[in-house]
Amino acid sequence: MNINRRNFLKISLQVIAISSISRVSQAAITLTPSNADIIIIGAGISGIAAARSLKAKGYNVLILEARNRIGGRIWTDNSLGIPLDLGASWIHGITNNPIKQLADQFALKTLPVNYEARQIFDDNGTPLTARADTTLSNRYKAIYERVIAIQEQRIDDDLSDISWQTALTQELANENFSSTELKELYFSLNTELEHEYGADLSELSLFNFDEGSAFKGIDHIFSGGYGQLIDKLVIDGKLTSNILLNQVVKSIDYTQRKGVKVTTGKNVFSAIAVLVTLPLGVLKANTVRFTPPLPQTKQSAIKKLGFGTLNKTYFQFPDCFWKEDDHSELYNFISSAKGHWSEWLNMHHYNQQPVLLGFNAGKYGKDIESLSDKALISDGMQMLQKTYGKTIPDPKSYLITRWNADPYAKGAYSFIGVGATTKDYDELAKPVTNKLFFAGEATSSEYSATVHGAFLSGERAAKNIMSAVPLLKSVVKKSILK
Ligand SMILES: Cc1cc2nc3c(=O)[nH]c(=O)nc-3n(C[C@H](O)[C@H](O)[C@H](O)COP(=O)(O)OP(=O)(O)OC[C@H]3O[C@@H](n4cnc5c(N)ncnc54)[C@H](O)[C@@H]3O)c2cc1C
């Protein structure tokens, strides 16, 4: 499809980042460093949760954040005139979920999500009948159960872990599926598993891919964006003056007799202890130097755990050319190439705006990051045109995420790769001496890859710090490097 470039409101994420700095972030930007007992690296929800707890108990905290905004992988963009989440969208399971409790406490509106309200389209753009949808779901469930049977047998036989794909291939050898049935099966596997874990089946551990817990209840979405929660947490926790933006941490030296030295691109800071909330992708990339190096057990956990990709593309159209009143929340497309633009959210259902959100996960999610904006939008439009016709309008604007290329995330969220277990999450969570503490979604063996997991990990780390670091007078010193 030939997209007329002038029809687009061109937006680069860099521009978005600057234009969408919240009231809270701008206040933080103007600050100069203050003394602190505890330095927290990263102003994502885990760092903010820890800072709130510590400050409430009288600790003097300082958050160093590389970006020019707070929130990390929670990022609500308002540049298209409406709040749209580029990172997390859903509260997964609202029953007893601390994120839902906080949303209620701060009177933030959330809306229920009904994943059953979906319409699947085949490769020609024809909607599947309810019967065909049921057949497809049943085939997926049957194969899923048989792969799980292989998992159980291998564990009983004391065999080693293999990938989900290897077990699936083994199982499919006994089948005689037509090419259409296979395409449909891979569509289900992509939308049910690869999107959830941000990883291809060939990367997922057969033994442990779904280990962990989940809160019960339906999912909710923030109608005004997830970023509101971050702002509320910062204001409520009186943390505005405790955050320094644009501070890219380069090294953490915990060889000091007393405390830890943290060097950013601009300053050197020292504190009694440091809480590291760097995303697993950043730890894997080794862009922050630890002196001495992290213990081998922690390094091994960092290596074994996977860090997946989920990318979002918002298409803002001049009007709603798809059915406004069919109550569908999800549109799914069975593409001939597995996982290409298979999942879409009908944003109109939640915000009454002519906006569709396309997802791409795992390998394809990573691959499309190298496309130009124009090529990427054209790729998504081709999928929509199959169903809605060549005459649908070009989007008047769009938003594209490239989480894998983002130097301060290097991916979307963690998953359990072949050979890894939940113990690797626990290993990542362990403090190193009583100076170096860890939080973040990839330190939560119970709720990894989620906002609530990250939030709870911050609270857990704060408790660890409180018992290891007695409340003393502030000892942080700062010297300006340049
Ligand atoms: C596209 C996408 C969709 C998602 N959807 C959902 C969802 O619907 N529901 C859900 O529960 N979860 C979802 N998640 C996962 C959720 O967003 C994360 O689990 C959670 O936000 C992670 O919080 P965190 O504090 O662990 O990490 P982060 O939010 O990544 O915070 C870490 C901080 O460290 C900073 N940093 C990195 N490097 C440096 C450095 N060198 N110096 C200083 N600071 C640095 C980063 O900028 C960042 O602000 C999604 C994630 C993505 C990417």
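These legends walk you through a few close-up views of a predicted model.

In this predicted model, local features need pLDDT of at least 70 and side-chain atom pairs count only at pLDDT 80 or more, while totals for chains, interfaces and linings use all residues. Residues are numbered from 1 along each chain as its sequence is written, and side-chain values use heavy atoms, with hydrogens and water left out.

**View 1. Here is the shell of residues around the ligand.** There are 38 residues around the ligand, and Ser46, Glu65, Arg73, Trp90 and Val451 come nearest (a residue is near if one of its heavy atoms lies within 4 Å of the molecule). Sorted by class, the shell has 22 nonpolar, 12 polar and 4 charged residues. Nonpolar here covers Ala, Val, Leu, Ile, Met, Phe, Trp, Tyr, Cys and Pro; charged covers Asp, Glu, Lys and Arg; the others, Gly among them, are polar.

View 2. A polar contact is a pair of N or O atoms within 3.5 Å. At His92, an N or O atom in the side chain is 3.2 Å from a nitrogen atom of the ligand. The protein covers 99% of the 1000 Å² of accessible area that the ligand has on its own (areas come from the Shrake-Rupley method with a 1.4 Å probe).

**View 3. Next up is how H3 packs with H15.** Their axes are 7 Å apart, at an angle of about 40 degrees (axes are lines fitted to C-alpha atoms over the stretch in contact, and angles run from 0 to 180 degrees between N-to-C directions). That makes H3 oblique to H15, as angles under 35 degrees count as roughly parallel, over 145 as roughly antiparallel, 65 to 115 as roughly perpendicular and the rest as oblique.

View 4. The peptide bond from Thr291 to Pro292 is cis, with omega near -5 degrees. You'll find Pro292 in the loop between strand E14 (289-291) and H10.

Conventions: A polar contact is a pair of N or O atoms within 3.5 Å; within protein, one must be able to donate a hydrogen and the other to accept it, and residues adjacent in sequence count only if both atoms are side-chain atoms. Helices (H or I, at least four residues) and strands (E, at least two) are DSSP runs, numbered from the N terminus.
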